[in-house]
Amino acid sequence: MPKDTSNGPTIYARRESEARSYCRSFPVSFTSARGSELTDDEGKTYIDFLAGCSSLNYGHNDPHMKAALVEHIMSDGIAHGLDMHTDAKEAFLQTFERLILEPRGMDHKVMMVGPTGTNAVEAAMKLARKVTGRTNIIAFTNGFHGMTVGALAATGNKGKRNGGGMPLQGVTHMPYEGAFGPDVDTLAQIEMMLENPSSGLDAPAAFLVEPVQGEGGLNAASAEWLRGIARLAKKHGALLIADDIQAGIGRTGTFFSFEEMGVEPDMIPLAKSLSGFGLPFAALLLKPELDVWKPAEHNGTFRGNTHAFITARVALEKFWADGRFQKSLAEKAQLIEHELNTIAEMVPGAYLKGRGLMRGVDVGSGELAGAICAAAFERGLIIETSGADDEVVKVLAPLTTSEETFRKGFEILRESVATSLNNHKIAAE
C-alpha cells in the first residue's frame, strides 16, 4: 500500500471525518500486530496497554483463532447469514452454553444484536420497557453505555451527551457508589428516592449499571453495593441490566465482572472481546422469561458475525475450558497492582482505581494524565486515560501479556511519569 507522500494534508485530514479520536493520540500508521505489541510503518514496535479498548483481551492475532478463521474462509464457509442457522453459530452457542453458562448455573438465552456494544444496550433498554410497561431507566453517574441515542441517554459524560443533538430522555441518573466520597451511602440515597412518593422519580423499568465503570474512571462497585442495587430492582419491579461490555470476558479476573458478588442480572450486554479476535460481535444475555420478542421485532442485518462465531468459539475452548487461564489472571492482577502502586507513590495524592486487570491511577489532573500517556507513546507504550476529566491513566493490556512485557511496559510508564512531573514542575515555576 503506497504511503501518502503529498505535501498537503494527509489522506486522513483530507477525507476522514473529524470524529476520529485515537489516531490523534497515536499519530503513526500501524501495519502489524502480534500478542501485546503493535508495529508501525517505520518499523517501531509499541507495547499495547490499550488492547482495542478491551476488545483484544486475548491479544492481537491469536494464532489458533487466526488459523480457524482462515480455514473457515478458505473452505467457503458462511461469511454472512443474517440470523439463519449456520454450523458456525451452532458451534459457538453450544460451546458458550457448555463452558460459560452451565458452569455458572445461568439459564440465560443469547440474543444476537447489531455488531457493537451500544446495540446490546439498546436492545436491553428496549426489552426492559416492553416487559415492564414502564419507560424510565435508572443509570448512574459517570456511566458510559454507548453513542446511539438511547444508550447515550444513559451515559453521563457531558461532552458525549452534547453530541446527541436532541433531548435525551427516558433515563434518570443516580449516584454510583462513591460518587460523593467514601462517607456518603449512595445506596441509601437511591432507596430514599424510590420510597418517597414525592421524589419525582418515575417507577423504573430497569437499573442499568457497570460493575466497573470503564470510561467513567475505573470506578469499581463493591459486592455489597451491587447486591443492594439488585435488591432495590427486585423490590420495585425493575430489571437488573449489568453492562459487562468492557469489564467482562476476563477483564476483571473472571469471565463476568459480577461473578462471586452474589447477583444474577436479568440481562447482560456483551461485546468488545466477545469475538476474541477484535471482530465486531455483540450479544445480549437475557433470562428466558424475558424473551417475549415477536419474530423480527428487534432485528438488524448484522445480527451475529459468522467469522466472529469461529474465533469466539476457539477463544472459549482455549482459555475457558479449565481454570488455568483464570488462575493466571489472578497472578497478573497482583503484578499490575504492585506496579501501579509504585507509580501512584510518585504522584502526590494519586491512588489506584479499578479491579482485576482493569486498573489505573488517578493522578488528579487530566492535563498530567494526558502528558504521561503522550510521553509513554514516545517511548513505545500505548496507553490511554479515562474519567470525567481524563484524570485516570488506565491500563487495559491484553490478558495474555507476559510478565516480562508487563514489567517493560510499567518501566516505560514510570519513566513517563517522572518526565511529566518534572515538566509540570518546571512549567509551574
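Helix α4, which spans residues 63-74, contains I73, and helices here are DSSP runs (H or I) of at least four residues, strands (E) runs of at least two, both numbered from the N terminus. The model is predicted, so that local features need pLDDT of at least 70 and side-chain atom pairs count only at pLDDT 80 or more, while totals for chains, interfaces and linings use all residues. Residues are numbered from 1 along each chain as its sequence is written, and side-chain values use heavy atoms, with hydrogens and water left out.

**Surface patch**
- I73 is partly exposed, with a relative accessible area of 40%, where partly exposed lies between buried (under 20%) and exposed (over 50%), for a 1.4 Å probe and protein chains only.
- Together with V70 and M74, I73 forms a nonpolar surface patch of about 310 Å² accessible area; patches take residues with over 30% relative accessible area and no salt bridge, joining nonpolar side chains (Val, Leu, Ile, Met, Phe, Trp, Tyr) within 5 Å and like charges within 9 Å.

**Cavity**
- The whole structure has one cavity of 30 Å³ or more, a cavity being a set of points on a 1 Å grid over the protein atoms alone where a 1.4 Å probe fits but cannot get out, with lining residues having an atom within 4 Å of a point.
- The largest cavity holds about 30 Å³ of space, and its lining consists of L340, I343, V361, V363, V393, L413 and V417.
- Two or more residues of this lining come from each of α12 (324-344) and α14 (403-428).
- By class the lining has seven nonpolar, no polar and no charged residues.

**Salt bridges**
- There are 22 salt bridges, each defined as a side-chain nitrogen of Lys or Arg within 4 Å of a carboxyl oxygen of Asp or Glu.
- R231 pairs with E191 at 3.3 Å between the closest N and O atoms, linking helix α10 (residues 223-235) to helix α9 (residues 186-195) across 40 residues.
- K235 also forms a salt bridge with E191, with closest N and O atoms 4.0 Å apart, and this pair again links α10 and α9, at 44 residues apart.
- Of these residues, R231 is partly exposed at 39% relative accessible area, and E191 is partly exposed at 22%.
- E415 forms a salt bridge with R379, the closest N and O atoms being 3.7 Å apart, where E415 lies in helix α14 and R379 in the loop between α13 (366-378) and β15 (381-382), 36 residues apart.
- Salt bridges with shared partners join E339, E403, R407, E411 and R414 into one network.

Notes: 1 Å grid on protein atoms, 1.4 Å probe; cavity = no way out; pocket = protein on both sides within 12 Å on 5 of 7 lines; lining within 4 Å. Points joined across faces, edges and corners; volume = space filled by probe spheres on them. Nonpolar A, V, L, I, M, F, W, Y, C, P; charged D, E, K, R; others polar. Areas by Shrake-Rupley, 256 points an atom, 1.4 Å probe, with all protein chains shown as cover.
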